[in-house]
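Please take a look at the chain below. The notes that follow pick out a few of its places.

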Amino acid sequence: MTEKEAASRMKHLAAEITKNSRLYYDLDSPVISDYDYDMMFRELKELEGKYPSLADPNSPTKRVGGEAATGFEPVTHTVPLGSLSDVFDFDEVRAFVGRTKAFDAECSYSVECKIDGLSVALRYENGVFVRGATRGDGRVGENVTENLRTVRSIPLTLNTEKLNGMDTSVVEVRGEVYMPHSSFERLNAEREKRGEALFANPRNAAAGTLRQLDPKVCASRGLDIFVFNYQTGTLDFKEHDESLLALEKLGFRIIPYLKVVKTADEVVAQIEEIGKMRGTLPFDIDGVVIKVNDLALRRTIGENSATPKWAVAYKFPPEEKETRLTDIVIQVGRTGILTPNAVLEPVKLAGTTVSRATLHNLDFIRERDIMIGDTVVLRKAGDIIPEVVRAVPEKRDGTQVPFEMPERCPSCGEPVELDEESEGSAYYCTNADCPAQIMRNLIHFASKGAMDIDGLGPALLEKLHENGLVKSIADIYSLTAEELAGLERMGEKSAAKLISSIEKSKSAGLARLLSALGIRQVGDKAAAVIAARFGDIEELFTATPEMLCEIDDVGAITAENIVSFFSHPQTRRMIDRLKDAGVVMTAEKAASGDDRFAGMTFVLTGTLPDMTRDEASALITSHGGKVTGSVSKKTSYVVAGAEAGSKLAKAESLGVPVIDEAELLRMTGV
Ligand code: ZN
């Protein structure tokens, strides 16, 4: 790798890590697996070690992770809640043992399971629970005392009499709050019923729960805790395991399966032992922690800048399990695409029961040689989406049958068609009025990234569809408060609220509308650039594929899809009805001949308060400006939002003016 390649790889990794850690910590909605995240983190760290001159002082590796969210009072931890350095194989574990044995050949190790939850610090004064805080960035966390009080296994008063003669006036401990599988499954089942977004995994559910502003909500969700460290206080211990036994006497629920061992072989054996238990436990663990047991020796061994040298965390690879694939069923998607789904014998995997998994398309099935009736290996990518990794042909008994794509749509019975040009042999239902598509079109239309109609989720749409109130997208806009209030479990207040969010969605603008219509291959980004270029939906009814292809982000197939979509008579009828209802069909300020930004170059960085990057780009380009990815002396303005990184620093060092979203809007005359 050349220095230039390294620099660009580091930049890419830093951006991905920042983005994903924000999704993970602040929004509780991860999109990549922890394992992949760890791998990116580690690669970045290695590159920074190799090319220290290229290392960004604001690199995500310099932070412990997670920033205090608003709504809770900040707490500065008495003792920082540090993180451990991760290792991924047994050689690295042995190397760690070797390094620590160099300080003391008699060194022993506490080997503990690593609970996949959230770290908290609990403080007790004179035996009474006075404060509980999240880890936050390690130094400053959030005061979540009221929520933690609702966790039943957190003692509100300590059994101080059990530690006869010891000074228990101040006790501060660290533990991991987690959501047991049973609580997690119950919570998601309830959310599904209400049409709310599901939590990806127990840890995200625990994170979301601990930050509920209403402790009653927290109390109802069944969080639990394991305490794994004595942080500070008036007690004094020589060894870690001794301190945990004392904490147990005080009434804490301490980390299970802890074992103190001496040699590298014993450490590895204990990791394997815990690894075998994983998947059978009623809670998630994501690794094993190995710590030097002698507390005085820990002080001798010392710390690196961000992590102690006397402990490491061994991280498990993604969990895999075998099960039987009993059938392959077809799901008809929003755009008419037919997706084969595996029906599986239910199996517990990374904390949840899995009985379905997507098989994506026919190529996926052929490549992996998957037959109906096969034993298959399942994995959870990102501990979120279950994935069929491969079939196990050795376990075939002759009853397996190959899978064939159906010739007719399982939902409407119309013929299906192979899209020759698409990747992965995509089959489509040719019937635009296919009922399977209508329901999904509706859900997509109202969803957050599209028209964002707050309160109009899948469950309610399903109900409206059943009652015949909403048969097509345009019907949403003829709903009345009376009709809504007549529905079961819908009060007048929520009906009025829904009507107002439907009203509000009318001004979403052309870009969001285009993305909401669910045209094949037209996602947010393409919709934004098309809206900026054409400005008015009427222009799209007469646009040719050539005109569309002139746009950078639009390829030939997408262009064909758009032209075909706007050539259907039902599209014309739908757009007319939406227009009559008052839905805005134009892009704000789009291609209005207003080119006040002509000749100017903009760079976007960080998260803007109201606009997505694509919206901001579209706004700039529609006024004649250009948006580029990197800051140079020629950059006219850097538009910076929250968590802006190295681009901001670079702009400042080059003297490029930095503006915020509000300033950008002012400049466009909004
Ligand atoms: Zn169909």
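Where is histidine 360 found?

## Two loop residues with positive phi

This is a predicted model. Histidine 360 sits in the loop between strand 14 (352-358) and helix 11 (362-367). Its phi is positive, about 65 degrees, although histidine 360 is not a glycine. Histidine 360 has a relative accessible area of 41%, so it counts as partly exposed.

Aspartate 452 is not a glycine either, and has a positive phi of about 50 degrees. The loop between helix 12 (435-446) and helix 13 (458-466) holds aspartate 452. Aspartate 452 is partly exposed, at 33% relative accessible area.

## A buried serine

Serine 505 belongs to helix 15 (residues 492-505). Is serine 505 buried or exposed? Its relative accessibility is 4%, so serine 505 counts as buried. Beyond its neighbours within four places in sequence, serine 505 contacts Met451, Ile453 and Tyr477.

## Helix 17 and its partners

Helix 17 spans residues 524-534. Its buried residues are Ala526, Ala527, Ala528, Ile530, Ala531, Ala532 and Phe534. They pack against several helices, including helix 16 (510-516), helix 18 (537-541) and helix 19 (545-549). Helix 20 (556-567) and helix 22 (613-622) are also among the packing partners.

Glycine 535 follows helix 17. The phi of glycine 535 is positive, near 75 degrees.

## A negative surface patch

Asp104, Asp236, Glu239, Glu242 and Asp294 form a patch of negative charge on the surface. One of them, aspartate 104, is placed in the loop between helix 3 (90-101) and strand 3 (109-115). Aspartate 104 is partly exposed, with a relative accessible area of 30%.

Technical notes. Residues numbered from 1 in each chain as written. Predicted model: local features only at pLDDT ≥ 70, side-chain atom pairs only at ≥ 80, totals over all residues. Heavy atoms only, no water. Patch = residues over 30% accessible without salt bridge, like charges linked within 9 Å, V, L, I, M, F, W, Y side chains within 5 Å. Areas by Shrake-Rupley, 256 points an atom, 1.4 Å probe, with all protein chains shown as cover. Salt bridge = Lys/Arg side-chain N within 4 Å of Asp/Glu carboxyl O. Lys, Arg positive; Asp, Glu negative; His and termini not counted. Charge placed at Lys NZ, Arg CZ, Asp CG, Glu CD. Helix = DSSP H or I, 4+ residues; strand = E, 2+ residues; numbered from the N terminus. Buried < 20%, exposed > 50% of the residue type's maximum accessible area, 1.4 Å probe, protein only. Contact = heavy atoms within 4.5 Å.
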